[in-house]
Amino acid sequence: MSQIVQFIQSRTKLPLTGIQHTIELLNQDCTIPFISRYRKEKTGNLDEVQLGAIVTYKSQFEELEKRKTTILKAITEQDVLTPELEQKIKNAQDITSLEDLYLPYKKKRKTKAETARNNGLEPLAKIIMSQRANDLQFITSKYITNDVLSEEEALQGARYIIAEWINERTDIRNNIRYQLERHAVISTKVIKTKVDDEKAQKFRDYFEWNESLNRCPSHRLLAILRAENEGYIRVKIAIDDHRAMTKIEDRIIRSQNDCTDQLEIAIADAYKRLLLPSLSNEALQLAKEKADEAAINVFAKNLQQLLLGAPLGEKNILAIDPGYRSGCKVVCLNAQGGLEYNETIYPHAPQNDLKGAIKKISSLVDAYKIEAIAIGNGTASRETEQLIRRIQFKNDIQVFVVSEAGASIYSASKIARDEFPNYDVTVRGAVSIGRRLADPLAELVKIDAKSIGVGQYQHDVDQTKLKKRLDTVVENCVNKVGVNINTASQSLLSYVSGIGPKLAENIVSYRTAQGGFNSRQEIKKVPRLGGKAFEQGAGFLRIKNAKNPLDDSAVHPESYAIVSQIAKEQHTTVAELIGNKTILQKINLQQYITDTVGLPTLTDIVSELEKPGLDPRAQAKVFTFNQSIKTINDLREGQLLPGIVNNITNFGCFVDVGIKESGLIHVSNLSDTFVKDVSEHVSLHQQIIVKVLDVDIPRKRIQLKLHA
């Protein structure tokens, strides 16, 4: 078993063969969506999450090995590398233990211990450490020089060297780590000059705070660290100092003589000056990493639910970006999301042109054969919705309120400018609202995921890890749904397995020049799109009304021959086989198993043939808020209200009940039983009924309970 496979298996507990084959596929530049969908035989049917864990630990192992090489080279150059040390370094299983091994050999800035060594005091330090000297005063007197002017100065220098030795001992560092892991307390104190600062008040709960570090929930730790970063509080990590120093003394002091007092002083110095500051910072950093991971997990789950939100589909949509003084921007979109018309109406104060607005909306609905209306949920949303619902349309028009989160980011972006160079940001924003209703995934991929507003403390977590994780979520969602290569935007295409931004640009350019793709095989004609990119992406790219009906399915081109063979042996055509459950359910898949194609792939093929190109997302449903609730002042305890979950955190979920302020269902109000994971009880954009528990108008806070 190779080291990397062993390393990953010890952390994931996944089957060894699955890990081994996944690593081989990753080294062949295969993507997670491709591996999970089309290489199930190789991996043992591992899903995206399990494959993602393998990718993460593969990267960790490679970074660890790279660091080992650097450290071994550095120690070798110092000519102090022993076979025993080399073996310890090679066997290190994590970066912390590796850095501990390197610590004594690490180039340091000028330290007190280094100065003492330069003054010739290391032999004295060794004598004290040996604990055999009975006349330490006489021995110390021999070390008085022009640089060391007194016995106390000599002893102090020796203690600095001893303190450094103690700091570099792995067993002692690990013992302090253990105590910090089990018993560390995080405490805060407000900076007195900031206590009355208005901006500091949102952190006032943490002006004087303390709790066990290992019990501090992720959202609270991130809030505390944000308050510290913004200069409102000081944070301290502490353990029982006496206990910690006693543990060190038990490991160092072996006799009682003249050396004992010096060792006790050196131990206290090592602990307070070197060990505790360094290891308490390390403990806080580890806690921060765990909090980051928890927050990133919440964000990733929310983003996935948002991206896989129910699409309305290809409909003619009238979208409205509501407003008061600046008016409501209205756009008409065709079934492919193309902008047909835009105008501004002024139904609200101060203009109050209600009649003109109703007349204009009615005429646009008729002229552009509108099938649905999308209204942004920002300023003046409720009033605009009420206006639209008053209009008597000739046909049944569905009305939806759509989240505007991030729309302003999109409308000012380069993507939007390139797409609509002759329109201002208000038109682009309204277009984005309408397109979100038609297909949330296709539109939201154009926006930086952090700007969508479905996380907690997303700006406080490790930004590199956050981006990597969110990009993975977007990639998995895009490939789960599949992409129409003839209509997809460049942004959407760039997330298709094996494609990326440059090939996406080339696809759009080819599509524009040739008038679209007629078959999957034609995709190979795109400049710079080679065999590997085609292998990775073809199964996720759909072509509507193609000559080969499999081109509009998730069946990979590499399996077309199998489908043709099945059709031939069933005495039918591929086109007639598709959707024919009677034939498909009778097929004996065992007879089609080969060395490269197993039962998982064959099962997937049959499932796809039953419902080719089926969108895994639900259909969009109309939702109406309580029309009598317009502001927070209309809320009363005990009311039951319809609402939409618009954010999920570790401490509960936020619900839009149709007013400016979202209400919070605390985790304790989600269920009568213990809630381990909020997302097991609610999902993003879920339509629910809530009970109002408390309304704090001055602080604009609403407490809700999930109504069964």
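Asp-292 is buried, with a relative accessible area of 5%; buried here means under 20% relative accessible area, exposed means over 50%, and partly exposed lies in between, using a 1.4 Å probe and protein chains only. The model is predicted, so local features need pLDDT of at least 70 and side-chain atom pairs count only at pLDDT 80 or more, while totals for chains, interfaces and linings use all residues. Residues are numbered from 1 along each chain as its sequence is written, and side-chain values use heavy atoms, with hydrogens and water left out.

The side chain of Asp-292 meets that of Lys-288 in a salt bridge, at 2.9 Å from N to O. A salt bridge is a side-chain nitrogen of Lys or Arg within 4 Å of a carboxyl oxygen of Asp or Glu. Lys-288 is also buried, with a relative accessible area of 16%. Helices (H or I, at least four residues) and strands (E, at least two) are DSSP runs, numbered from the N terminus.

Helix 17 (residues 381-390) holds another such pair, Arg-382 and Glu-385, three residues apart and about one turn of the helix. Their side chains meet in a salt bridge of 3.7 Å, N to O, and both residues are buried.

In helix 19 (residues 414-419), Lys-414 and Asp-418 lie four residues apart, about one turn of the helix. Their salt bridge has its closest N and O atoms 2.7 Å apart. Here Lys-414 counts as exposed at 53% relative accessibility, and Asp-418 is exposed with a relative accessible area of 52%.

Salt bridges also form a network, linking Arg-39, Lys-532, Glu-535 and Glu-558. A search of the whole structure finds 41 salt bridges.

The sheet is open and has three strands in the order 2-1-3, with antiparallel pairing; two strands pair if DSSP finds at least two bridges between them. Strand 2 (208-212) and strand 3 (233-238) are the edge strands, each pairing on one side only. From one strand to the next, the twist averages 15°. Helix 13 (residues 218-229) packs on the sheet and touches strand 1, strand 2 and strand 3, where contact means heavy atoms within 4.5 Å. The direction of helix 13 makes about 125° with that of strand 3; axes are lines fitted to C-alpha atoms, for helices over the stretch in contact, and angles run from 0 to 180 degrees between N-to-C directions.
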